[in-house]
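User: I have a protein model open and would like to work through it step by step. Can you take my questions one at a time?

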Amino acid sequence: MAAGPVPDLLGPGLSVLFCGINPGLRSAELGLHFARPGNRFWKVLHQAGFTDRLLDPAEQAVLPSLGIGITNLVPRASAAADALT
């Protein structure tokens, strides 16, 4: 599967917008935010009370309906943020 951009998750009336630095390689491969196994974003999102259950990255499309958005500062994927200039 070819890596591509990870689209922003936006919608009207967002209560919170999470902004990552840039997508990781696995996220770009799948087109999903925080998709690397072991990434704590989804677990923390649930534990902080933003969602009523632990979501899988493949369920990210429900976030705008919950008032939650995700974007990245840089669209280019990299193995680590320190690879950016």
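User: How many residues of strand S2 (residues 68-72) are buried?

Analyst: This is a predicted model. Buried means under 20% relative accessible area. Strand S2 is mostly covered, and its buried residues number five of five.

User: Which residues of S2 are buried on each side?

Analyst: Both faces of S2 are covered. Gly69 and Thr71 are buried on one side.

User: Which residue in S2 is the bridge partner of Val16?

Analyst: Strand S1 (residues 16-20) runs parallel to S2, and five bridges join the two. Val16 has its bridge partner in S2. That partner is Ile68.

User: How far apart are the end C-alpha atoms of residues 9-76?

Analyst: UniProt lists residues 9-76 in an unreviewed entry as "domain: Uracil-DNA glycosylase-like". Over this stretch the chain is 19% helix and 15% strand. The distance between its end C-alpha atoms is 16 Å.

User: How much space lies in the largest pocket?

Analyst: Rolling a probe the size of a water molecule over the atoms shows where empty space is left. For the largest pocket, the space comes to about 340 Å³.

User: Which helix gives the largest share of the lining of the largest pocket?

Analyst: The lining has 20 residues, with Asn22, Pro23, Gly24, Ser27 and Asn39 nearest the pocket's centre. By class, ten are nonpolar, eight polar and two charged. The largest share is three residues, and they come from helix H1 (residues 25-30).

Note on methods. Residues numbered from 1 in each chain as written. Predicted model: local features only at pLDDT ≥ 70, side-chain atom pairs only at ≥ 80, totals over all residues. Heavy atoms only, no water. 1 Å grid on protein atoms, 1.4 Å probe; cavity = no way out; pocket = protein on both sides within 12 Å on 5 of 7 lines; lining within 4 Å. Points joined across faces, edges and corners; volume = space filled by probe spheres on them. Helix = DSSP H or I, 4+ residues; strand = E, 2+ residues; numbered from the N terminus. Nonpolar A, V, L, I, M, F, W, Y, C, P; charged D, E, K, R; others polar. UniProt positions renumbered as here; feature names shortened; annotations may be inferred. Buried < 20%, exposed > 50% of the residue type's maximum accessible area, 1.4 Å probe, protein only. Pairing = 2+ DSSP bridges.
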